[in-house]
Amino acid sequence: MTTERNIPVLYLVIPCYNEEAVLPETTKRLTEKMHTMIRAEQVDPESRILYVDDGSKDKTWAIISEYAEAIPYVDGVKLAHNRGHQNALLAGLMTAMPLCDCAISMDADLQDDINVIDRFVEKYMEGCDVVYGVRNKRETDTFFKRTTAEGFYKFMKILGVDVVFNHADYRLMSRRALEGLSEYKEVNLFLRGIVPLIGFKSDYVYYDRAERFAGESKYPLKKMISFALDGITSFSVKPLKLISNLGILISVLSIFGLLYALISHLCGVTVAGWTAIVASIWLLGGLQMLCLGVVGGYIGKIYSEVKQRPRFLIETHLKAEPEEKVLDE
Ligand code: UDP
Ligand code: MG
């Protein structure tokens, strides 16, 4: 593929988990957008909106299959099980890879401004293989989410992990970038960390993040924390090094403590220090537990990577042949 590009076949890849409340509006707006872009010859008529149902428990799949049948440009993939946002996204991107020239991943809840899709495609036409959507401001997020997210990005920077600040998973990837992505076989998937590793020419598109259109966030605090931990432990072994350093520091300090106790004893100053002993036992015990926990975390990662389990299984792929779909004028 050269940088001289023809009108691309664009796939909009949208993971959905219990999104029955937003799908009608999202589909309405996206099909309109698709229609306009096809008519303006910005994208090829083969372009599609590809919904990935991530094992939803509500009517999400029923709605998607209904749309896939009735509406041109809408396709659907159903995962056999709920595998989480990142795996669902990967399933969609890998399904789109052989069929598209470029794919844009976005959320189902209309938080990602669909008006910047044109700019993504322009950047692609200019030769970019990856275009990151970056949020201008995060006023629509709660104060808590904003500050924790900021802390997370800063911490990742300190750890030396290359993540794009304020970029979620709204991004365009060319087919060759997707092929690059397919070479990363890790099970603990953190796309925001992997995509910058792929390389190729990249650029940014800035947008304002809207409120969730309807329904509830599928990222409650518990999931957010585990996502952040996954990001850190999948991309950096620095925490392991920090622990070793902490271990060295504590050992040195305890040698001094021991010397002090020995000298006090030899000088005949017997300390009744029961509290100190108990406190230090607890402290050391606690630190050891912490260290073991972190080491265990990494071992857990190795365990799941070694197993090489499939990251997703597609149950159904509804894809009408082009001639079956009639574009409504
Ligand atoms: N999602 C998914 N599987 C999950 C959780 C979420 O496919 O297990 C999808 C969800 O339907 C949405 C996107 O991932 O399209 C982002 O989730 P959400 O909007 O709830 O996250 P937030 O924007 O609140 O961080
Ligand atoms: Mg959202």
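**A colleague's note on this predicted model**

1. Let's start on the outside of a helix. Pro 24, Lys 28, Glu 32 and Arg 39 are the exposed residues on the face of H1 that is turned away from its buried side. Please keep in mind that this is a predicted model.

2. Now for the other side of that helix. The buried residues of H1 are Leu 23, Thr 26, Thr 27, Leu 30 and Met 34. Viewed down the axis of H1, they fall within an arc of 95°, so the buried residues line one face of the helix. The cover over them includes S1, strand S2 (48-53), H2 and S3.

3. A word on the dimensions of H1 and on what follows. Helix H1 covers residues 23-39, 17 residues in total, and reaches 24 Å from its first C-alpha to its last, close to the 24 Å expected at 1.5 Å a residue. Just after H1 comes Glu 41, which has a positive phi of about 55°.

4. Helix H3 is worth a look next. With 12 residues, H3 reaches 16 Å from first C-alpha to last, close to the 16 Å expected at 1.5 Å a residue. How much of H3 is buried? The count is 11 of its 12 residues, so H3 is largely enclosed by the rest of the structure. Among these buried residues are His 85, Gln 86, Asn 87, Leu 89, Gly 92 and Thr 95.

5. H3 also leads us to the ligand. Ligand 1 is surrounded by 16 residues, and the closest are Pro 15, Tyr 17, Ala 108, Ser 217 and Lys 218. Strand S1 (10-16) and helix H3 (85-96) are the elements that give two or more residues to this shell.

6. Tyr 73 is not a glycine, yet its phi is positive, at about 75°. Tyr 73 sits in the loop between helix H2 (60-70) and strand S3 (74-79). Is Tyr 73 buried or exposed? Tyr 73 is buried, because 26 other C-beta atoms lie within 10 Å, and 20 or more are enough to count as buried.

7. Leu 110 belongs to the loop between strand S4 (102-105) and helix H4 (117-125). Leu 110 counts as partly exposed because it has 18 C-beta neighbours inside 10 Å.

Conventions
Residues numbered from 1 in each chain as written. Chains lettered and ligands numbered in written order. Predicted model: local features only at pLDDT ≥ 70, side-chain atom pairs only at ≥ 80, totals over all residues. Helix = DSSP H or I, 4+ residues; strand = E, 2+ residues; numbered from the N terminus. Near = placed C-beta within 6 Å. Expected span 1.5 Å × (residues − 1). Arc of directions from axis to C-beta. Contact = placed C-beta atoms within 7 Å.
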